[in-house]
Amino acid sequence: MLDADAVTRRRLALAGLAGNIGIVVTGGAVRLTGSGLGCPTWPKCTEDSYTATRAMGINGAIEFGNRLLTFVLSAIAIALVVAVWRHARLRRPAVILALGIPGQGVVGGITVLTDLNPYVVGLHFLLSAAMIGGSYLLWQRTVDRPAVTGTAVKLRPLTWALTAASAAVVVIGVVVTGSGPHAGDDKAHRTGLNPEMISQLHVDAVFLMLGLAVACWFAARAVGGSAMARASAILLGVLLAQGAVGFVQYFTHLPPLLVGAHMAGACAVWVATLAVVWATGFDDAPAADGSASSLTSGKTNRTLVTVR
């Protein structure tokens, strides 16, 4: 296992990415069902028990179930660290991600101990977005990717602007959530900000991001960057779908099911944004270290030596 094959490394990295997205969705379910304080304390679920009791009902079961998923994610992270240990380029992000899981658990505990303070809840989500970004980076380092043309590389600054806009959309979306309903518990406080004003700012940021995504698509097609054009087209599709869900949920007064779909969509938009950045050849493996691209590079080099 300390020298797992490339396919195993890739599958574990993808499982880690899926797990970090999944725990955002289940965390949203906790909030949308009013189960945020289903376990009213931390690290225990009650003063006398680490597990939910029957008397706590469905809310306690939902909150405790979400806490248990942290152990599943931890098991995947540990297996991944072991699998990539001999490959320094993969080992560092794997270790950081593994350490981030208990860190996230502590922040989650603080949200409970502060009675779901909206700013702490927002930080909890933003840290999850960072974990998703790190998981995506690690997964991409295990994937065999074709070489990127020099013209597409020149478009990288445009993709950074797109990423900044995407991050702004996520951050403002978190502020919108903190000012609206679905706090996770009837006793939880809200930020007190004007939801309509923050929602309008959120929409403005989305339109900025949409314009940058269109610019990435046109620019990639102009320089023959097929991978970037394809990634930009996927991002546009995800953005339009997410925007449709956002508008419908707003004008239907935020039904929980649509709010949950919008949270999952936020993760999809973030991942699709990163895919555009990676399509410019960002973070390509320099020489070796266990990634599929480096293995391919090694085979190519050996072939050239043989021809010479």
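1. Basis. In this predicted model, local features need pLDDT of at least 70 and side-chain atom pairs count only at pLDDT 80 or more, while totals for chains, interfaces and linings use all residues. Residues are numbered from 1 along each chain as its sequence is written, and side-chain values use heavy atoms, with hydrogens and water left out.

2. Helix H4. Helices here are DSSP runs of H or I with at least four residues, numbered from the N terminus. H4 covers residues 118-140, 23 residues in all, and spans 33 Å from first to last C-alpha, close to the expected 33 Å; the expected span is 1.5 Å times one less than the number of residues. Asn117 caps the N-terminal end of H4, with a side-chain oxygen 2.9 Å from the backbone nitrogen of Tyr119.

3. Aromatic pairs. Rings of Phe, Tyr and Trp (its six-membered ring) pair if their centres lie within 6.5 Å; planes under 30 degrees apart are stacked, over 60 edge-to-face and the rest tilted. The count is 7 aromatic pairs. Trp160 and Phe282 have ring centres 5.1 Å apart and planes at 90 degrees, so this pair is edge-to-face. Trp160 is in helix H6 (residues 156-179) and Phe282 in the loop between H9 (256-278) and H10 (292-307), so the pair ties together parts 122 residues apart in sequence.

4. One aromatic cluster is formed by Tyr136, Trp139, Trp160, Trp278 and Phe282.

5. Accessibility. Buried means under 20% relative accessible area, exposed over 50% and partly exposed in between (1.4 Å probe, protein chains only). Trp278 is buried at 6%, whereas Trp160 is partly exposed at 41% and Phe282 is partly exposed at 21%.

6. Second largest pocket. A pocket is an open set of points on a 1 Å grid over the protein atoms alone, where a 1.4 Å probe fits, with protein on both sides within 12 Å along at least five of seven lines; lining residues have an atom within 4 Å of a point. The volume, the space filled by probe spheres set on the points, is about 410 Å³. Of its 21 lining residues, Pro146, Ala227, Met228, Arg230 and Ala279 are closest to the centre. H8 (226-251) gives the largest share of the lining, 6 residues; H4, H8 and H9 each supply at least two.

7. Charge over a ring. Arg91 lies over the face of Trp85, 5.2 Å from the ring centre (criterion: NZ of Lys or CZ of Arg within 6 Å of the ring centre and within 35 degrees of the ring normal).

Notes:
Polar contact = N/O pair within 3.5 Å; in protein donor to acceptor, adjacent residues only side chain to side chain.
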